[in-house]
Amino acid sequence: MKKKHTLRRIVLTSAATVSGLVLLLSLKPTTDPSVVRADVSITPSGQTASASSAPPSAPASASSGSPSVSASRSRTVGHKSPSSSPSGSASHSASPVPRTTSSVPSAPTTTPAVPTTRTVTGPTVQTKYGPVQVRITLTGSKITKATAIQSPDSLSRSQEISSTAVPQLNQETLAAQSANIDSVSGATYTSAGYKQSLQSALDTAGV
Amino acid sequence: MSEAARVRHVEHAMGTVFSFDVRGFSDASRVQAALEAAVASLHHADEIFSTYRPDSQISRLARGDMALQECHPDVRDVLGLCEDAERRSGGWFSARYEGGRGNVLEPTGLVKGWAVERAARMLASAPAEAVCVNGGGDVQLLGGPWRIGISDPLRQGGLAAVVEVGAEACETAVATSGPAERGCHIVDPHTGEPPVTDVASVTVICPTLTAADAWATAAYAMGDRARAWLEETPGAEGFAVTSDGGTWHTSGFGRYVTAVRA
């Protein structure tokens, strides 16, 4: 009985985590203009207390040349086909050779910048339990908050999933970030399994 | 030399995904060339060793359509390493087992680790100071510092422990075996059946991934005997998560670990 319950919890948790990671993947910055819609709102920087009246386009602090240091952008990443399967959207971002190769020249270590805070909303992903949509807040390259802004609630079974699995997703996203790891060792994943893996999220984030 | 210089790459091969992370180099073009060569070496290994491809040398060798002397030198090297691992694991690692199709030649338990280790060395000789190559969850590190999460087999996306190596580290490999993500692909070489065990996953750390991958496979097949065996295997440390959520580790594992799940 106890075992059965545990098993079910694992299944439910996995479903939510998978959706979360798929969303993380599809949040990858992209240059495809059809995927990135225009900014819907400009929100004040999480670092600045005064904020809401601050003109986001003006470099607020004189010492910093980059507007992105002081202003935080809230961006909605649109999705061309909201009904497409999670694996479909994941494979879009985990595409082959040339796109994933990145040579990162020196990070801007010369400017002791205040980390930019931005909020990114993922596309709605249809899961077998219902639509899931996640919004994450990044300070610099670190995820500081993850919120499910849409989760299944129509069926009683779905409610059960929402109440247990979605909080779990938030914790796990944060736990992986705070562990500040470079890579993940685990039982061998397939190419398909990779798309839902923490390693895939690390590769995509490039942090 | 730019401290922040870094090259990352993701490559699909051998039915899984390889993630490269290279730091600490001054000549990016040489690292890029080494990366291309390393990637090519993975695909070459896949062509030769894939048991899913009927025309691979390993498949033809198993059918008797090809003699060992006709095979690429890599085949002899790998089969030699397999024999070595079989001997040193008391038969718990084996490239041959009695399967449903008769005597199956299956060096897969060692090939991936071997291929990853070789790819990592190609990158280090670019030269680069710190190299991390992850082949489907098995990691070869050359140099450092690196922090490697060990996946929690009971909570997808969660970590059971974090392994840390410093900048002074030379060679460190982290391999994990378990049924978690691919269904159980490990069999007891004595029975041809999945092992009877309460170990959900077992992780082995030793200098080279060729050994770590084989030891992790053998340790998972051993089940409860793995802990004592890893304890007495020179140069290897082990960590396991059991199906009830508990963990165990060998006495020397602690020097790598910064955080273990409660």
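## Starting in the loop

Does F253(B) count as buried or exposed? At 1% relative accessibility, F253(B) counts as buried, since the cut-off for that label is under 20%. Bear in mind that this is a predicted model.

F253(B) has an aromatic partner, F239(B): the two rings are stacked, 5.4 Å centre to centre with 15 degrees between the planes. The pair links distant parts of chain B, with F239(B) in strand β11 (residues 237-242) and F253(B) in the loop between β12 (247-249) and β13 (257-260), 14 residues apart. F239(B) is buried as well, with a relative accessible area of 1%.

## Helix α4 and its tryptophan

Now for helix α4 of chain B, residues 108-124. At 1.5 Å a residue, its 17 residues should span 24 Å, and the end C-alpha atoms sit 25 Å apart, which agrees. Its buried residues include L110(B), V111(B), W114(B), A115(B) and L123(B), and K112(B) and E117(B) are on that list too.

The structure holds 4 aromatic pairs over all chains. One of them joins F49(B) and W114(B), edge-to-face, at 5.7 Å centre to centre and 75 degrees between the planes. Here helix α1 supplies F49(B) and helix α4 supplies W114(B), 65 residues apart in chain B. F49(B) is buried at 4% relative accessible area, and W114(B) is buried at 10%.

## Salt bridges

Side chains of opposite charge can pair when their charged atoms come close. Over all chains, the count comes to 16 salt bridges. Take D21(B) and R6(B), whose closest N and O atoms are 2.7 Å apart. D21(B) lies in strand β2 and R6(B) in strand β1 (residues 6-13) of chain B, so the pair ties together parts that are 15 residues apart in sequence. Both D21(B) and R6(B) are buried.

R147(B) and E164(B) make another salt bridge, at 3.3 Å between the closest N and O atoms. E164(B) counts as partly exposed, at 35% relative accessibility.

R155(B) and D152(B) also meet in a salt bridge, 3.3 Å from N to O. R155(B) is partly exposed at 29% relative accessibility, whereas D152(B) is buried at 2%. Finally, salt bridges that share partners join D182(A), D203(A), R6(B), R8(B), D21(B) and R23(B) into one network.

Definitions and conventions:
Residues numbered from 1 in each chain as written. Chains lettered and ligands numbered in written order. Predicted model: local features only at pLDDT ≥ 70, side-chain atom pairs only at ≥ 80, totals over all residues. Heavy atoms only, no water. Helix = DSSP H or I, 4+ residues; strand = E, 2+ residues; numbered from the N terminus. Expected span 1.5 Å × (residues − 1). Buried < 20%, exposed > 50% of the residue type's maximum accessible area, 1.4 Å probe, protein only. Salt bridge = Lys/Arg side-chain N within 4 Å of Asp/Glu carboxyl O. Phe/Tyr/Trp six-rings, centres within 6.5 Å; stacked < 30°, edge-to-face > 60°.
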